[in-house]
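Subject: Structure handover

Hi,

Here is the structure I promised to pass on. Please open it alongside this note, and the findings follow below.

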Amino acid sequence: GPRDFASRKHKKFVKLAKGYRGRTNCFRIAVQRVEKAWQYAFRDRKVKKREMRKSWIRTINAGSREHGVAYNRLICGLRTADID
């Protein structure tokens, strides 16, 4: 019938919002929750890269300090030696 498409769309959003906070069996609230979740996902994909980079730098710094070279000196040396 004419409501088939709408109810399919509604069911999809309510299913996506399962386990979220708020009254997620209500379509309008479910849409808000799902869209907010997408915003968090978008933001946190970038945060994940940032955190990985911080972790990577920390590890390299610890390793280079064991050999008496600070991270910034190591990177400076690599740059002047033209190593990517």
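A residue counts as buried under 20% relative accessible area, as exposed over 50%, and as partly exposed in between. C26 has a relative accessible area of 25%, so by those cut-offs C26 is partly exposed. One thing to keep in mind throughout: this is a predicted model.

Confidence

The mean pLDDT of the protein is 92. Of its residues, 98% reach 70 or more. Helix 2 has the highest confidence, with a mean of 96. Helix 1, residues 4–16, has the lowest, yet its mean is 90.

Cysteines

How many disulfides does the model have? The count is 0. A pair of cysteine sulfur atoms would have to lie within 2.5 Å to be counted. C76, like C26, falls in the partly exposed class. The relative accessible area of C76 is 45%, while C26 has 25%.

Salt bridges

There are 2 salt bridges in the structure. In general, side chains of opposite charge can pair when their charged atoms come close.

K54 and E51 both sit in helix 2, 3 residues apart, so about one helical turn separates them. K54 is partly exposed, with a relative accessible area of 42%. E51 is partly exposed too, at 40%.

A buried serine

S64 lies in helix 2, which runs over residues 27–66. Is S64 buried or exposed? Its relative accessible area is 8%, so S64 is buried. Which residues does S64 touch, leaving aside those up to four places away in sequence? They are V69, A70, Y71 and L74.

In short

The model is predicted, with a mean pLDDT of 92. It holds 2 salt bridges and 0 disulfides. S64 is buried, whereas C26 is partly exposed.

Best wishes

Technical notes
Residues are numbered from 1 along each chain as its sequence is written. This is a predicted model: local features need pLDDT of at least 70, side-chain atom pairs count only at pLDDT 80 or more; totals for chains, interfaces and linings use all residues. Side-chain values use heavy atoms; hydrogens and water are left out. Helices (H or I, at least four residues) and strands (E, at least two) are DSSP runs, numbered from the N terminus. Buried means under 20% relative accessible area, exposed over 50%, partly exposed in between (1.4 Å probe, protein chains only). Contact means heavy atoms within 4.5 Å. pLDDT is the predictor's confidence in each residue, from 0 to 100. A salt bridge is a side-chain nitrogen of Lys or Arg within 4 Å of a carboxyl oxygen of Asp or Glu.
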